[in-house]
Amino acid sequence: TTFMADYAFKESATNDTSCAMRLGWLRDYSALSNQARQPLREFRGRTHSASAAVGYGKAAMLFVMLRDQIGEKAFRQGIRDFWAKNQFRVASWQELQVAFESASGQDLKTFFAGWLDASGAPKLEARDALVRPTGNRYRLDLVINQQGAPRISRLPIEVSAGSKRETRWISLKQANEKVSLDLDFRPQLVRLDPDIRLWRQLDAQEMPPILRQWLGAAAPRLVAAARGAAADAAATLAQRFFEVKPQNLSGAALASSLDSGGPIMIIGTHTEVAASLAAAGLPARPVELATRGTAQVWTLLRSSGPPVAVVSADDAKALQALIRPLPHYGGQSWLVFEGSKSVDRGIWPSSGFAVDIKEAPPDK
């Protein structure tokens, strides 16, 4: 349903936002602890955010990767064959595999076994990217390294120089493999999987903090920057938001807790939140959120240490209004609320990652 409804709508839109949706699936998954990651084959239904990241996001990405591998025509035929044979019956992944194998003429056993049975995701790295002229053309050599399972066998690589960009799909057979590309321009940068078409571990530069990191954290910590009724509302909000009971931190202990430990969330009223941030030496409220709505939620961009998020509201009533909606926004980096309604939200921009290409030393 995620792939054929929500995602299909994104792909068909005039301003195709499907890449952002794929990136969102991977960010949700990256925010999970290793213990919360389960093989897709074990998914039976959504029980919490961790199961949704696998059962919805990974399942949808499996179909994206399958369609890329066997082609649009065979993929559509496989869906039709699966429906015709299994309508009104209980079907499994095995029936899906059989339908797509029949439609494509390909043996998909390794593909399905890898993406259904592995609980992790491979990490990709490009290194030793060297270019040398070959007559009036150029040859790019680089090493692709994969860590983790399952192993990726088809990888899109983008090479670029200024406004010139070219994407090639390459086949990989080993975890550490040297590949070569013949090009008609001198490339400057290389990026692996630039359009997020593979289920993989994201590079740190592709992962601005999102609330999922706190929502499903294994050992979250809470600072209640509020008093009286607002403190009670903050405690209730935390109880509803976190899937694991958080450890309570005092405002005085916040500064000494910023170098290690689990994610920290500060919940309270505007004045006391501002005081807590200043006392701990943390950045103040982002200027783009200041004075907007009855409550603001944001994550801090930190180069090291545990991630920190903030929920700041006008008063106890404004905090209480967040109890029901906030857990549904795990994929966001920041939000502005007017009562219980989110009036603006977004993800902090990320730079992505690219590898510089160097000149190869002259042949001896």
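Which residues have the most contacts inside the largest nonpolar core? They are L62, F100, F112, I144, L155, I157 and W199, in a core of 58 residues. Keep in mind that this is a predicted model.

## The cores

Leaving out residues up to four places away in sequence, F100 touches F63, L66, I70, F75, G78, I79, L108 and F112.

## Helix 4

Helix 4 covers residues 72-86, and its 15 residues reach 21 Å from first C-alpha to last, close to the 21 Å expected at 1.5 Å a residue. Its buried residues are A74, F75, G78 and N86. Looking down the axis of helix 4, you'd find these buried residues within an arc of 100 degrees, so they line one face of the helix.

What sits on the face turned away from the buried side of helix 4? That face carries the exposed residues K73, W83 and A84. Just after the helix, F88 takes a positive phi of about 70 degrees.

Seven strands make up an open sheet with mixed pairing, in the order 8-7-9-11-10-12-13. Strand 8 (247-249) and strand 13 (341-346) sit at the edges with a single partner strand each, so one side of each has no neighbour in the sheet. On average, and ignoring direction, neighbouring strands are turned by 15 degrees against each other.

For a look at one pairing, take strand 10 (residues 295-299) and strand 12 (residues 334-338): they run antiparallel and are joined by four bridges. W298 has W334 in strand 12 as its bridge partner.

## Helices on the sheet

Helix 8, residues 228-241, packs on the sheet and touches strand 7 (221-225), strand 9 (264-269) and strand 11 (308-313). The direction of helix 8 makes about 145 degrees with that of strand 9.

Then there's helix 10, residues 270-279, which lies across strand 7, strand 9, strand 10 and strand 11. Helix 10 runs at about 140 degrees to strand 9.

Conventions: Residues numbered from 1 in each chain as written. Predicted model: local features only at pLDDT ≥ 70, side-chain atom pairs only at ≥ 80, totals over all residues. Heavy atoms only, no water. Helix = DSSP H or I, 4+ residues; strand = E, 2+ residues; numbered from the N terminus. Expected span 1.5 Å × (residues − 1). Buried < 20%, exposed > 50% of the residue type's maximum accessible area, 1.4 Å probe, protein only. Arc of directions from axis to C-beta. Pairing = 2+ DSSP bridges. Axes fitted to C-alpha atoms, helices over the stretch in contact; angles between N-to-C directions. Contact = heavy atoms within 4.5 Å. Core = buried A, V, L, I, M, F, W, Y, C linked by side-chain atoms within 4.5 Å.
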